[in-house]
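Hi,

Here is the structure I promised to pass on. Have a look at it first, and then read my notes below.

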Amino acid sequence: QYGYFLSRNIQAVYNLLSPYKDMKNLGFGNKNNAELSEELYQFFPPRFKEFFEGMSETSGLTIEQLKVVNALEIILMFGSTIYNGHCSALSVWGDYSRGGKVIYGRNYDYNEDIFPLNDHIAVAVFHPDNGDIPFAMITWAGCIYASTAINQRGIFVAENDCSLHDTEASGFYPTDDHFNMKTWVKDDVLLLSLITQAGTMAEADRWMKTNLPCYPHNIGVADKNEVRSYQWNISARLPHAPYARQANGLMAQTNHYFAVPAGWGIGEYVEPGGAGSGIPGGSIHRLENLLERAEQFKGSIDLARMCCIMDLTIEQGGATHDGTLYQIVCEPETFTLKLKTRGKPDRWVDIPLAKLLFPDAAAVSP
């Protein structure tokens, strides 16, 4: 069904990537993009490889083409122009939100090269037949990984890159004409297992601490009661996957560890090369902006207010910039999800997740 209904969209993604698929990638050890696409595909467990086979049967694209589509973010990170965008998030609950409910706002930032795919961002809902928890994920058509996702138990997950804070762990350092970065999208594939297996925050906590990534991240994990920023990093960083937040009821995250875990052996984050360093607004500036907006509107932040906060550009005191390709506002308790894309900046679309995740229920009672 995925391949059939999204065939036109998946084809559009492939068409954009096709000129780059046989090029060297200056970000990942100067490897060929086709080789990187294969590495990512081989990281999938067998049941997801079967999914790719079904996608190929119904979409009209070959498995080899679908491997390229799935590697969209790897190929365009350094395959075309230099990566200049990172993600941001603001979450509130308790005293910070209206009625105490968890409200999660999320910017997904990336290269402008992906902007032509504005109309091919997909919210796909999966009902596995193997006992896994049904879930929805939000990304470009044909990209099968959980960079932003929510499951039927109300566990919401969103990934933020922290490569510039821990360059040793990420491989974000140059050698000759290329960087030595690790294929971080593998970790977003790993998060598919989290979203299909964790039904409670306690289960998510155990999963985060026992399934470690190859790359440094901030992972936002929310349920209807709270939000945590898991400092998810390689096995050498002890303790494994501690979580942090700025206050009870407040969590903002960008692309550095705002509370560096003791024992990790890395210093406090400093913007490399001055504020911004090619990353719009810089990680610290965007974080400070979001925290200021949370304090400004403390106690009154609901879905509508969070949408307004996410609308704000860096210059207006928010975190949005030209590299913000899509945005999510989610209330996990009610499975409310709002989506806005850069190509349609005046329209927040309501996605009927409750009906899609609970197709046989007359009403949802989280």
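How many helices and strands does the chain have? The secondary structure comes to 12 helices and 15 strands, where helices (H or I, at least four residues) and strands (E, at least two) are DSSP runs numbered from the N terminus.

Before you go further, some housekeeping. This is a predicted model, so local features need pLDDT of at least 70 and side-chain atom pairs count only at pLDDT 80 or more, while totals for chains, interfaces and linings use all residues. Residues are numbered from 1 along each chain as its sequence is written, and side-chain values use heavy atoms, with hydrogens and water left out.

**The whole chain**

Along the principal axes, the C-alpha atoms fill a box of roughly 55 × 50 × 40 Å. Of the 366 residues, 57% are buried, meaning under 20% relative accessible area with a 1.4 Å probe, protein chains only. Among contacts (heavy atoms within 4.5 Å) with a separation of 6 or more, 66% are between residues 24 or more positions apart.

For comparison, most residues other than glycine have a negative phi, and most peptide bonds are trans. Ala 241 counts as buried because its relative accessibility is 1%.

**Two other loops**

Phe 335 also has a positive phi, about 60 degrees, without being a glycine. You will find Phe 335 in the loop between strand E13 (324-331) and strand E14 (336-341), and at 4% relative accessibility it counts as buried.

Asn 111 is in the loop between strand E2 (103-109) and strand E3 (121-126). With a relative accessible area of 0%, Asn 111 is buried. What lies 2.6 Å from a polar atom of the Asn 111 side chain? That is the backbone oxygen of Leu 76.

Cheers

Definitions and conventions
Buried < 20%, exposed > 50% of the residue type's maximum accessible area, 1.4 Å probe, protein only. Polar contact = N/O pair within 3.5 Å; in protein donor to acceptor, adjacent residues only side chain to side chain.
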